[in-house]
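This report describes the packing and the side-chain pairings of one protein chain.

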Amino acid sequence: MEWLVALALMALILYLVFDDTVGEPMSPVVPRKRLCDYTVAGGVYEDLSTVLGRGSRLYEVHVYSDEQDHPVVAKRPLNDGYDYAEDIVTFEQVCVDLVNDAFPSQDPFILSIVMHTHKAVTANECAQHLKTTLRRHLLTTNAAVARMPIDDLANKLLVVSGGTIRGTELEPMVNLSWMTEDLRRLSYQQALFPRDEAGLIAYNRDHITLVAPETEVRTVNANPDRPKALGCQRNLYDLSGGWFVEKPEGG
C-alpha cells in the first residue's frame, strides 16, 4: 500500500514540474538580421571606459607614431600631417582594455583604426598587439562581413581601417575597409548633405557607412538622427549609447 502512495506522490511531483517548465509555451528564438541592418553609436577621442559605459560597440582610434615608432592613440583631434601626438594612450593599452571590458558579448565590437603615419613598423606593431591581446575575438575573414548575420559575429572584434595600412601586417586583419565597395567613410557634413541622397539610402541597405568626425572642422549641434534617416549605420557623432539597433524597414 505504501508503494502506491509513493508512486502517486511521484506522479504528482512530475506533473507539477512538467506544468511549470514544459507546459508553458516557449517563445521562439528569432535569428537577428545582417550586420548592415543595424545601427550603432560610437565614440572617438574619449576614454574607452566612457564609450563602453554608454553601451556603445564602436570605437575609433587615431593612431600616431611616438618617438620610438610605437603606436599611440591621440586623445584629442590634431591637424592632418602630424606624425606625433603628445596627449595619448598607447594602442597596447586600448587592446588590453578591450579584451578586459568589451567581452564577452552577444554582439560584435567594431574598432575603427585611422592611421596618421605611413611608418609600416607602427602599423605592424598594431597588428601584433591585436594578435597577442585579442586573438580569441578576431574575425578571420573580410568576405561580405557587412551582410553576415549579426549572430554569427557575436563576441568578435571587427577591425575597420583604410588605405594607409596597405602592405603592412595590419592589412590582412582588416574586416571592413573604406577602400572597398562594402564600406564608406563619410564626414558628418557629407552625411548631412549627400550629393546623392537616394543613392546613399540604397547603398546603405546592403553596405555600411561610417559617419566620422572632421579634424579641421568642429561640428556644432550635430544631429545623429539625420545620418540614421539616410540609413547610415555607424555614427561616431551619436553619443546616445546603446547596443546594435535594428533599422526600420526601408531604411
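## Cysteines

The search for disulfides returns a count of zero. The structure examined here is a predicted model. Cys-95 takes part in no disulfide, and the nearest cysteine sulfur, which belongs to Cys-126, lies 7.5 Å away. A disulfide would require the two sulfur atoms to be within 2.5 Å.

Two of the cysteines can be described by their accessibility. Cys-36 counts as buried because its relative accessibility is 0%. Cys-95 likewise counts as buried, at 0% relative accessibility.

In soluble globular proteins, nonpolar side chains tend to be buried together. In this model the largest nonpolar core comprises 30 residues, and Phe-91, Ile-113, Leu-130 and Leu-157 have the most contacts inside it. Two or more residues each are contributed by helix 2 (48-53), strand 3 (58-65), helix 3 (91-101), strand 6 (109-115), helix 4 (120-134) and strand 7 (157-161). Another core, of 21 residues, lies apart from the largest one and includes Cys-36, Leu-139, Leu-183 and Phe-244.

Which residues are in contact with Phe-91, leaving aside its neighbours within four places in sequence? They are Val-61, Val-63, Pro-71, Val-72, Val-73, Leu-111, Ile-113, Cys-126, His-129 and Leu-130.

Phe-91, Val-94, Cys-95, Leu-98 and Val-99 are the buried residues of helix 3. Viewed down the helix axis, the buried residues of helix 3 fall within an arc of 130°, and they therefore line one face of the helix. An α-helix has 3.6 residues a turn, so residues three or four places apart point the same way. Asn-100 and Asp-101, on the other side of helix 3, are exposed.

## Salt bridges

Across the whole structure, nine salt bridges are found. One of them joins the side chains of Arg-32 and Asp-151, with an N to O distance of 2.8 Å. Arg-32 is located in the loop between helix 1 (2-21) and strand 1 (38-41), and Asp-151 in the loop between helix 4 and strand 7, so this pair ties together parts 119 residues apart in sequence. Both partners are partly exposed: Arg-32 has a relative accessible area of 24%, and Asp-151 has one of 36%. Arg-32 and Asp-151 also belong to a network of salt bridges that links them with Asp-107.

Arg-54 and Glu-46 form a further salt bridge, in which the closest N and O atoms are 2.9 Å apart. Glu-46 is partly exposed, its relative accessible area being 23%. The side chains of Arg-147 and Asp-182 also meet in a salt bridge, at 2.9 Å from N to O. Arg-147 lies in the loop between helix 4 and strand 7, whereas Asp-182 lies in the loop between strand 8 (176-177) and strand 9 (183-187), so the pair ties together parts that are 35 residues apart in sequence. Arg-147 is partly exposed at 30% relative accessibility, while Asp-182 is buried, with a relative accessible area of 10%.

## Strand 1 and its partner

From strand 1, Tyr-38 and Val-40 point one way, and Thr-39 and Ala-41 point the other way; all are buried. Strand 1 pairs with strand 12 (residues 245-246) in the antiparallel sense, over two bridges. Within this pairing, Tyr-38 stands opposite Glu-246 of strand 12.

Conventions:
Residues are numbered from 1 along each chain as its sequence is written. This is a predicted model: local features need pLDDT of at least 70, side-chain atom pairs count only at pLDDT 80 or more; totals for chains, interfaces and linings use all residues. Side-chain values use heavy atoms; hydrogens and water are left out. A nonpolar core is a set of buried Ala, Val, Leu, Ile, Met, Phe, Trp, Tyr and Cys residues joined through side-chain atoms within 4.5 Å. Buried means under 20% relative accessible area, exposed over 50%, partly exposed in between (1.4 Å probe, protein chains only). Helices (H or I, at least four residues) and strands (E, at least two) are DSSP runs, numbered from the N terminus. Contact means heavy atoms within 4.5 Å. The arc is that of the directions from the helix axis to the C-beta atoms. A salt bridge is a side-chain nitrogen of Lys or Arg within 4 Å of a carboxyl oxygen of Asp or Glu. Two strands pair if DSSP finds at least two bridges between them.
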